[in-house]
Amino acid sequence: MLITKEERMFRIIAYILLICGVVITLIPFIYMISASFKSQIYTFEYPPRLIPRDPTLENYIKALGKDLFGRNFLNSLFVATATTISTIFISSLMAYAFSRMRFPGKEVFFYILLLGMMIPPVMLIIPQFVIAKNLHLLDSLWGLIVVYVSITLSMQTFLLRSFFETIPRELEEAVLVDGGNRWVIFRKIILPLSKPGLAVVAIFTFLYAWDEFPWAHVAIKEASRRTLPVAIALFQSQYLTQWGLLFAATTVASIPVIIVFVIFQRYFIQGLITSGLK
Amino acid sequence: MKVKNKILDKSFLKKILSSKGAYLLLLPGMGLFFTFILFPLIYSLRMSFYKWNIVDIAASKFVGFSNYVRVINDPIFIRAALNTIVYALITVPGQILFALIVAILVDQKIKGRTFFRVAYYIPVISSWVIVTFLFEYLFGSQAGLVNFILKDILHLVDNKIVWLANPILVMIPLNLLGIWKGVGWSAVILLAALQNIPPDLYEAAVIDGAGIWHKITKITLPLLRPTLVFLVVVLTIGGFNVYISGLLMTKGGNPLNLSHFILTLMYKKTFTYLDFGYGSAISYLLTAFIFMVSVIQIKLLRRKVEY
Amino acid sequence: MVIMLIISITFIFGCKKEVTEEVTEETQAVEEVTEEEETTVEEVTVTYWHTMGDAEEVALNKVIEIFEEQYPNIKIETTRMAYDDFKPALLTGIAGGVVPDTARLDIIWVPELAEMGALVALDEEMEGFDEIIANTYPGPTSTNFWKGHYYGLPQNTCTQILVWNKQMFEEAGLSGPPETIDEFVEDAAVLSNPDEEIYGYAMGGTYFWAPASIFYAMGGEVTDSGITTATGYINGEKSVAAYQVLVDMYRDGSLSPLLLGGGGMGVFEGLATGKYAMIIEGPWAQSILNSDYPDFEVNFALVPRGPDVTTSSVVGGENVVIFEGSQNKDEAMVWAKFLLSEESQLTMGEAGVMPTLSTVQGNERLPEYYDVFMEQLKTAKARVPHPKWAEMDNAINNAYQYMLRDEKTVQQALDDAAEEISGLIIEE
């Protein structure tokens, strides 16, 4: 493919803009990582220094060394993964129904689901707690997963439905004409073509479940079953916040989400390749 | 009458039966949704009509609409609503605009695409608590980078600006934070949507002699329309639900209760002042408002896309 | 596909962990049952929620060890909650009927939870209650009192006193910390140099806790002792005088603008780096200054006396309460009482948590710097123990802001606050 002069110029400009944008975007984060290598005394020095004066690993050692940190980390990993898988499964079923099927009450159900997206989660904590208690879902990681899936379902279904809508119906009609049934359509056409959409759902659901705090704090009291955000919150006590530890722990906590993102964002390209195949 | 007749109508019954596949697909999701979202929503609605007592629910006093009336007449609420609406009006276009630029740029065949995608996504994965604190620090009057730049480097101001103590100025770091944190999220979605645009369209345009600008405005944007609509709706919802950043940065609407958002006010009323019914009323008003706005947005912006 | 495999493995791995955990728990339960059958004593678990920091938690575990030795049939199960989210979590728990047996709460919350009916009235239910409070400081104890009953025991307390930078004083030619409010104002003026952002006095905010020490030292009152009205109290002569002193100091440039917010230099940082000559803070000042600024010499002094020759300060701290929803009230009371034993108070005291038991004052196990604080505690006053205190605090906070921003005079601002607070009281 020939690259025109215009395109080359555009690419160079794009590159410059993107780099500038990255710098702006990442400054707070870079500062945080830098502060995680500083001892408490230097956290608030003025003028602010990006490169630590006396870099130290003590924050990381202390934070990761806290008993149960590893356990909390694994708890979060388990919950986030299970939530993501369950959500992908359930919401793709629903999204397919909303996108491709006609049934009485479709509009009603859809708008009710939409409503779920608009509700501020903080508003529902108290009633959700009452219900969770009655269903014996408290103090258990599985309970957490059930609630998380419920909460994020609206958004992910809405997202997937949007993606399904962009897949041309002619493909399915072709399959139907050839004698295939809906299940075949789902497996052979919809799923592969909506890989980008599914990837997005995976990323966002994992992120949500990984970072969630208010519900996790209230629902799980047993220290060994707690998730990471709660464990990190405990680096702050009433009079003292151990910023170095907090930043170090947060940096470590960010790694799995970044990994998930890196893994799944690849599917955008894959989607490009497959969608070219008519 | 009509509904009753409808239900008894045989063909309607037939429709339901033949749709059982659809209902089956919906069952697990809707089941969870009803249990953990819808039912609590109704519970919450009930709470809003009472002076709710969480210890002895039966002792709650029924007050009808008086919680709602109090909310609407509260000048603090009105100010909070204003702050929230302004926040949405600024952050939604802000996020979409920057996300669009980023997505289109990153989608070009540039080296290091993965790096850029990850880099722009980092604010999204950071916890609100941490980034709020970081922005507080950046805009702090003592050691803040922003003041440092404005005063000592650019010499635009003589004195350090006390951003966070001013009820209007504090909105600036809050809004910037909202945009900064959300760009990556929208960019990810737009990037995925860009993948679904068949490259032949672009090739055809190039053959027709179209330049980059033409390609973007005549092909990319129109085909991104469903996604853009989605983003507008979802980001608006998110914007109205702004909460943690406000809670931490304004520490409960300080100064003088002028810097509240609707949800931070709800939090204060519910968990600090223990007025559960009132807090529920606030959330309901917010939810109803968001619902209306979203429906309007969807109906207005939605149109079938033709190739 | 590989990714799906990895995910599934983690999934199963995580599942297994849960299952193994449950199995271990079951085995333990079986073991416990066998033990029980042997000793035929019912074992009760008392749950205790708290927001202690690391050092305190270590001390708490020591206390639990001693307790469980003395009372082998009672096991204490603690849950540490995140401080910022403690109240919402507690309230959600109450709403859902999931309450701990006991908890250590901020003293401010006791009246509102009591009003709700969530707490047990200990003066009625607890044996030996009167004997215990006979030995606790009156200020902290009073924070448990609401509508004729006591709903908690003062577990630990704190108050605020003057922390002063000796070096700055010496350089300014001052011999020692101020002992009266007038000296305080004079010294602060001498020590200030606003152009260089040096201030004689700094406080962290405008919420009532910040000026409370000086407010009480000058004889200010928020309400009458029966808590029936605020009119004539929060806007009474002495209250107005107290706030006037502070506003004047602000105008003169001897009070740092930090209190208006905006992320100025923190009080500890300022004190230790020679930017603030005096601050009024609690016992945590010692550990914070020692850890962050090890070279700084920490000096405490009593809050300067007001014109009526009284010193005073504000009382803070935590109370231990028992919840109405508890299934093990008797055992919970045993635990609560133990927390007020000398042994427990001293052990916790060593970790930086000040005791409420007056009988341990001066005990050699306690850090030396406690002496000044405990001396101050004798005259420190509690804030209004009323369910609507949070809103009252807000009203006073706003008043202070209006004064400092010159939007209202001190009298006006406090008059408005008085009206608002009185209104809140009447609503009951």
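I began with chain B and counted 15 helices and two strands. I note here that the model is predicted.

**Chain B, overall form.** I looked up the radius of gyration next. Chain B has 24 Å, whereas a compact globule of 307 residues would have a value near 19 Å. I then took the box along the principal axes. The C-alpha atoms of chain B fill roughly 70 × 70 × 30 Å.

**Chain B, burial and contacts.** How many of the 307 residues of chain B count as buried? I found 57%. I also checked contacts between residues at least 6 apart in the sequence of chain B. Of these, 65% join residues at least 24 apart.

**Chain B, surface and charge.** Chain B exposes about 14100 Å². Carbon and sulfur atoms supply 71% of that area. I counted 29 positive and 12 negative charges in chain B. Their mean positions lie 9 Å apart.

**Chain C, the sheet.** I moved to chain C and traced an open sheet of six strands with mixed pairing. I read the order as β2-β1-β3-β11-β6-β12. Which strands stand at the edges? They are β2 (74–80) and β12 (354–355) of chain C. Each has a single partner strand, so one side of each is left without a neighbour in the sheet.

I zoomed in on one pair in this sheet. Strands β1 (residues 44–50) and β3 (residues 102–106) of chain C run parallel and are joined by two bridges. I looked up C:Trp49 as well, and its bridge partner in β3(C) is C:Ala103.

**Chain C, helix α13.** I listed the buried residues of α13 (residues 284–292) of chain C. They are C:Trp284, C:Ala285, C:Gln286, C:Ile288, C:Leu289 and C:Asp292. What covers them? Among the covering elements of chain C I found the strands β6 (153–159), β7 (161–164), β9 (276–281) and β10 (299–301). The helices α10 (209–217) and α12 (267–272) of chain C also take part in the cover.

**Positive phi outside glycine.** I recorded two residues under this heading.

- A:His136 has a phi near 60 degrees, a positive value in a residue other than glycine. I placed A:His136 in the loop between α5 (121–134) and α6 (141–165) of chain A. Buried or exposed? A:His136 counts as exposed because its relative accessibility is 70%.
- C:Lys147 has a phi near 45 degrees, again positive in a residue other than glycine. I found C:Lys147 in the loop between β4 (145–146) and β5 (149–150) of chain C. The relative accessible area of C:Lys147 is 55%, and the cut-off for exposed is over 50%. C:Lys147 is therefore exposed.

Methods
Residues are numbered from 1 along each chain as its sequence is written. Chains are lettered from A and ligands numbered from 1 in the order in which they are written. This is a predicted model: local features need pLDDT of at least 70, side-chain atom pairs count only at pLDDT 80 or more; totals for chains, interfaces and linings use all residues. Side-chain values use heavy atoms; hydrogens and water are left out. Buried means under 20% relative accessible area, exposed over 50%, partly exposed in between (1.4 Å probe, protein chains only). Helices (H or I, at least four residues) and strands (E, at least two) are DSSP runs, numbered from the N terminus. Contact means heavy atoms within 4.5 Å. The radius of gyration is taken over C-alpha atoms; the globule rule is 2.2 Å times the number of residues to the power 0.38. Accessible areas come from the Shrake-Rupley method with a 1.4 Å probe; for residues, only the protein chains shown count as cover. Lys and Arg count as positive and Asp and Glu as negative; His and the chain ends are not counted. The place of a charge is taken as NZ of Lys, CZ of Arg, CG of Asp or CD of Glu. Two strands pair if DSSP finds at least two bridges between them.
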